[in-house]
2 protein chains.
Amino acid sequence: MTVLPRGAPTAADRLLSVLAAFDHEHPALSLTDISRRAGLTLTTAHRLVGALTEWGALERDESGVYHVGLRLWEVAALAPRGLALRQIALPYLEDLYEATHENVQLAVRDGRDVVYIEWLSGRSAVGVHIRIGARWPLHATGVGLALLAHGEPGFQEEYCAGGLASFTSYTITDPGRLRRVLAEVRRSGIAVSDRQITEDALSVAAPVRGADGTVAAAVSIVVPHADAQVPVLAPAVRVAARGISRALGWQPERA
Amino acid sequence: MTVLPRGAPTAADRLLSVLAAFDHEHPALSLTDISRRAGLTLTTAHRLVGALTEWGALERDESGVYHVGLRLWEVAALAPRGLALRQIALPYLEDLYEATHENVQLAVRDGRDVVYIEWLSGRSAVGVHIRIGARWPLHATGVGLALLAHGEPGFQEEYCAGGLASFTSYTITDPGRLRRVLAEVRRSGIAVSDRQITEDALSVAAPVRGADGTVAAAVSIVVPHADAQVPVLAPAVRVAARGISRALGWQPERA
């Protein structure tokens with residue numbers, strides 16, 4: 001086994017840096033793009049891209065451009081917090097969509113961000129363009145507030161004390177105000193983000209619990225702020241969130 | 001650079017073998033399981049699993065068991081033939097579901113298999129249990145017949161001449177009969193798989209074309225064989241398939 005200097009990139013790091021070269025702004029890359037974005041020589045990039053393509057993690061089209069491949073998608077479909085959760089949740093999200101015809105989302109927490117794992121487009125056009133895999137800071141979205149309010153107390157305190165990014169004049173940037181909002185989310189069981197991301201959108205969210213009772217995800221509706229009726233939307237969102245929780249094995253009587 | 005004997009596993013191969021250790025029967029693995037399934041020493045498995053976990057491709061739960069992680073899912077969501085295609089197709093699949101309330105699927109071809117990338121559950125319970133990421137041989141399913149019928153002629157001939165696996169007494173296993181069925185699929189624009197996978201299910205499928213006019217995917221409905229009305233279902237499936245094709249940039253007038 002070769003002894004590498006501490007912190008030097010390993011073969012595993014280099015292979016993963018090739019995968020990390022792909023993102024929503026760069027879903028299709030040439031070999032040169034990959035080598036530049038991954039910080040690898042063209043020779044190394046060529047060898048690693050070859051191994052990834054042979055395995056099926058990448059696919060090369062006729063023009064020589066590389067895309068993420070179906071084989072990686074098949075493995076990733078096993079992620080309990082990705083497609084597997086989304087698969088369990090989808091019927092309840094569809095019910096929520098049927099009952100409201102609004103934009104419906106499912107999201108999980110990853111560090112200080114919320115990551116959207118499902119999005120059903122409703123009849124209301126709002127300025128927020130969410131896509132699957134999109135990230136936003138926890139304090140700015142309904143799903144994020146629902147997830148943060150039920151996070152470990154130490155994590156919540158650390159989050160509130162960190163810098164709170166601002167997107168509109170309505171975004172909560174004061175730690176004291178955020179703490180009060182989180183307490184209200186825990187009390188009411190509902191999180192509302194009012195024009196915090198764009199000036200025209202409001203979201204209503206509720207936490208989803210797993211079999212062990214901890215909050216595993218959150219479900220929300222996004223509507224135009226102008227005709228938002230939170231008291232009307234909140235019960236539907238809560239019912240959907242509880243349905244998903246039960247499907248995940250949550251038993252309220254044990255709580 | 002180390003010169004490896006031809007065919008010896010590279011560092012990249014070993015890392016990918018860790019990911020390949022996870023499948024639908026093994027979505028959660030201990031370090032020992034991973035080392036055994038990937039054919040790696042415990043030391044090597046430990047090092048690679050550590051790198052994958054740090055990057056987020058794997059996640060370790062409280063009990064020390066590893067799962068596929070959210071970061072891999074985020075990268076895989078960029079796969080044009082996976083979530084990206086599914087995201088474009090979902091509204092049309094939902095319309096098809098709304099119009100029929102039957103089981104609706106979207107699938108693509110990978111080698112000699114069809115891979116399901118979306119599945120909406122309808123009111124009809126059939127014995128076929130499809131999940132996202134499931135594979136079946138092309139000749140046995142409606143989506144598979146639609147994809148095979150529009151594949152390269154050389155590939156079709158090679159497929160027909162290869163062994164045709166049998167699942168029920170209705171599965172097409174005769175190459176000559178398969179060729180005639182494929183010609184009929186091309187003529188009618190519709191593929192029907194009648195009890196080929198289970199004795200109780202029938203599927204009706206239509207091809208989805210990409211911007212360049214080639215068949216990129218297939219959409220289908222699965223219903224109980226007993227009350228299947230193919231002439232009623234076929235137009236709805238074709239309309240959904242054409243809607244997805246248009247959303248992918250297909251222009252029929254150019255065909």
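1. Terms for strands. Two strands pair if DSSP finds at least two bridges between them. Helices (H or I, at least four residues) and strands (E, at least two) are DSSP runs, numbered from the N terminus. In this predicted model, S203(A) of β7(A) is the bridge partner of S193(A).

2. Basis of the model. The structure is a predicted model, in which local features need pLDDT of at least 70 and side-chain atom pairs count only at pLDDT 80 or more, while totals for chains, interfaces and linings use all residues. Residues are numbered from 1 along each chain as its sequence is written, chains are lettered from A and ligands numbered from 1 in the order in which they are written, and side-chain values use heavy atoms, with hydrogens and water left out.

3. Relation of the two chains. The same surface serves both copies, since 100% of the contact residues of chain A recur in chain B. Contact means heavy atoms within 4.5 Å.

4. Domains of chain A. Chain A is divided into domain 1 (11–75) and domain 2 (83–254), with bounds that come from an automatic or database domain assignment. The centres of these two domains of chain A, taken over C-alpha atoms, are separated by 33 Å.

5. Nonpolar core. A nonpolar core is a set of buried Ala, Val, Leu, Ile, Met, Phe, Trp, Tyr and Cys residues joined through side-chain atoms within 4.5 Å. Buried means under 20% relative accessible area, exposed over 50%, and partly exposed in between (1.4 Å probe, protein chains only). The largest nonpolar core has 117 residues, and those with the most contacts inside it are L72(A), W73(A), L72(B) and W73(B). Leaving aside neighbours within four places in sequence, the contacts of L72(A) include L19(A) and W55(A), as well as L19(B), L72(B) and V75(B).

6. The β6–β7 hairpin of chain A. Strand β6 (residues 191–194) of chain A pairs with strand β7 (residues 201–209) in the antiparallel sense over 4 bridges. The covered face of β6(A) holds A191(A) and S193(A), whereas V192(A) and D194(A) form the uncovered face. The hairpin has 6 residues between the strands, and R195(A) takes a positive phi near 55° there.

7. The sheet of chain B. An open sheet of 6 strands in chain B has the order β5-β4-β3-β8-β7-β6, with antiparallel pairing. Strands β5 (135–137) and β6 (191–194) of chain B stand at the edges, each with a single partner strand, so one side of each is left without a neighbour in the sheet. Within this sheet, β3 (residues 103–110) and β4 (residues 113–120) of chain B pair over 7 bridges in the antiparallel sense, and V104(B) stands opposite L120(B) in β4(B).

8. Is R195(B) buried or exposed? R195(B) is buried, with a relative accessible area of 15%; this residue is found in the loop between β6 and β7 (201–209) of chain B, and has a positive phi of about 55° although it is not a glycine. H101(B), in the loop between α5 and β3 of chain B, has a phi near 55° and is partly exposed, with a relative accessible area of 31%.
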